Amino acid sequence: MRRVAVYPGSFDPITNGHLDIIERTANIFDNVIVAVSNNPNKDHLFNRKERVEMIEEATSDYESIEVDAFDGLLIDYIKQQEAGIIVRGLRAVSDFEAEFQMASMNKKLDSDIETIFMMTKNKYVYLSSSIIREVSELGGCIEGLVPENVIPRLREEIGGE
Ligand code: PNS
């Protein structure tokens, strides 16, 4: 049976920390769907089409990785895709509480679907999309922290170096 994992998130924009989790997930599962959400409570820098495009460009070498957008409940999307696994990256202890809450709620909504966590590589442990947006906005260097294709997009969007 084909084993499909879904890696959901807002990816505004994708970072090298995300990319590392995607690649490591692709080494374990037959297929990985990177599922891009639209969180109405978040003020996104990039629209969803741009976020999807940036991930597609960054993962174009991998046939087993698909990029998609979803609305509504993640659990409903997982069922629609016939995937049984949600993958989330865990950085420091500070991620734990929110991730525990999400995984517990998703388990309550459908007990057949598992959430698994992958520890972020040490070198990316401080990295987040929001810190990338902030550093870009203030003209700091983000080389090596996001996929190469994301740098010109950020420059265009907020004028960062
Ligand atoms: O990158 P993020 O913002 O941490 O990702 C959060 C995401 C998209 C995984 C989460 O907000 C989500 O699953 N949203 C979809 C709506 C949903 O299912 N909410 C209930 C989750 S418990």
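**Pocket and helix notes**

I began with the secondary structure around the largest pocket: β1 (4-9), α1 (16-26), β4 (85-90), α4 (96-109) and α5 (129-137) each give its lining at least two residues. A reminder to myself that this is a predicted model.

Next I looked up the volume, and the largest pocket holds about 1000 Å³ of space. I then went through its lining, which comes to 40 residues. Nearest the centre I found Pro8, Gly9, Ser10, Lys42 and Arg88. Sorted by class, the lining has 17 polar, 14 nonpolar and 9 charged residues.

Which helix or strand gives the most to the lining of the largest pocket? I found that α4 does, with 6 residues, and I turned to that helix.

I checked the span of α4 end to end. Its 14 residues reach 20 Å from first C-alpha to last, close to the 20 Å expected at 1.5 Å a residue.

Then burial: in α4, I noted Glu99, Ala103 and Asn106 as the buried residues. They sit on the same side of α4 because they cover an arc of only 65 degrees around the axis. What do these buried residues pack against? I traced their contacts to α3 (74-80), β4 and β5 (114-119).

Technical notes: Residues are numbered from 1 along each chain as its sequence is written. This is a predicted model: local features need pLDDT of at least 70, side-chain atom pairs count only at pLDDT 80 or more; totals for chains, interfaces and linings use all residues. Side-chain values use heavy atoms; hydrogens and water are left out. On a 1 Å grid over the protein atoms alone, a cavity is a set of points where a 1.4 Å probe fits but cannot get out, and a pocket is an open set with protein on both sides within 12 Å along at least five of seven lines; lining residues have an atom within 4 Å of a point. Grid points are joined across faces, edges and corners, and a volume is the space filled by probe spheres set on the points. Helices (H or I, at least four residues) and strands (E, at least two) are DSSP runs, numbered from the N terminus. Ala, Val, Leu, Ile, Met, Phe, Trp, Tyr, Cys and Pro count as nonpolar, Asp, Glu, Lys and Arg as charged, and the others, Gly among them, as polar. The expected span of a helix is 1.5 Å times one less than its number of residues. Buried means under 20% relative accessible area, exposed over 50%, partly exposed in between (1.4 Å probe, protein chains only). The arc is that of the directions from the helix axis to the C-beta atoms. Contact means heavy atoms within 4.5 Å.
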